[in-house]
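Visitor: Could you show me how to read a few features of a protein model? I am new to this.

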Amino acid sequence: MDMPFLAHWRNRSDTQRGAGLAAAVAEDPEGVGELFAECEVLRVHARAAGLELDGTPASLEALDQLMPRWRREPEVVPWLGNDAGFYLGTVIIRTCPGARWQVWPNGQPVVRLASGRELNVIESGLSWAMTGSPELSQAYAEASEGSEAR
């Protein structure tokens, strides 16, 4: 996948990355969205459990039903949680009209709903990977209700 912004972004200092990511999202929201949707660690764990992630809300429900074997590997949890957050955000953006990626000044990617509400999906994904709560399907349900509210 050719994403010209990525090489430039990687060469920036940590303090510049937040601004660089925000600029990349503004310049190429679809390219950044594709990158965020990769979620390779999550996909590998899901495949090992017989689940193919298809970008639907039903796949979030299926993820919630997985046995959390990854919790036995503490070094995997942050990576898996980060991917779970990106996957949750991807499903929201693909299914909730007007939802899009946005980057906070500190570099944190969030989902902005059409209503203006911002969701820290990465935080939700990390919490899900560590404790199972909130369930990804519940976080999606709340987002989809929020996207219809206005």
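Guide: Happy to! Let us begin with contact, which means heavy atoms within 4.5 Å. Helices (H or I, at least four residues) and strands (E, at least two) are DSSP runs, numbered from the N terminus. This is a predicted model, where local features need pLDDT of at least 70, side-chain atom pairs count only at pLDDT 80 or more, and totals for chains, interfaces and linings use all residues. Residues are numbered from 1 along each chain as its sequence is written, and side-chain values use heavy atoms, with hydrogens and water left out.

Visitor: Which residues of H4 and H6 meet?

Guide: From H4 come Glu40, Val41, Leu42, Arg43 and His45, and they meet Trp79, Leu80, Asp83, Ala84 and Tyr87 of H6.

Visitor: At what angle do H4 and H6 pack?

Guide: Axes are lines fitted to C-alpha atoms, for helices over the stretch in contact, and angles run from 0 to 180 degrees between N-to-C directions. Here H4 (residues 40-48) and H6 (residues 77-95) pack at about 95 degrees, with axes 7 Å apart. Angles under 35 degrees count as roughly parallel, over 145 as roughly antiparallel, 65 to 115 as roughly perpendicular and the rest as oblique. H4 and H6 are therefore roughly perpendicular to each other.

Visitor: Which residues of H7 are buried?

Guide: Buried means under 20% relative accessible area, exposed over 50%, and partly exposed in between (1.4 Å probe, protein chains only). In H7, the buried residues are Val121, Ile122, Gly125, Trp128 and Ala129. Seen down the axis of H7, they fall within an arc of 125 degrees (taken from the directions from the helix axis to the C-beta atoms), so they line one face of the helix. Glu123, Met130 and Thr131, on the other side of H7, are exposed.

Visitor: How do strands S1 and S2 run?

Guide: Two strands pair if DSSP finds at least two bridges between them. S1 (residues 100-103) and S2 (residues 109-112) run antiparallel and are joined by four bridges.
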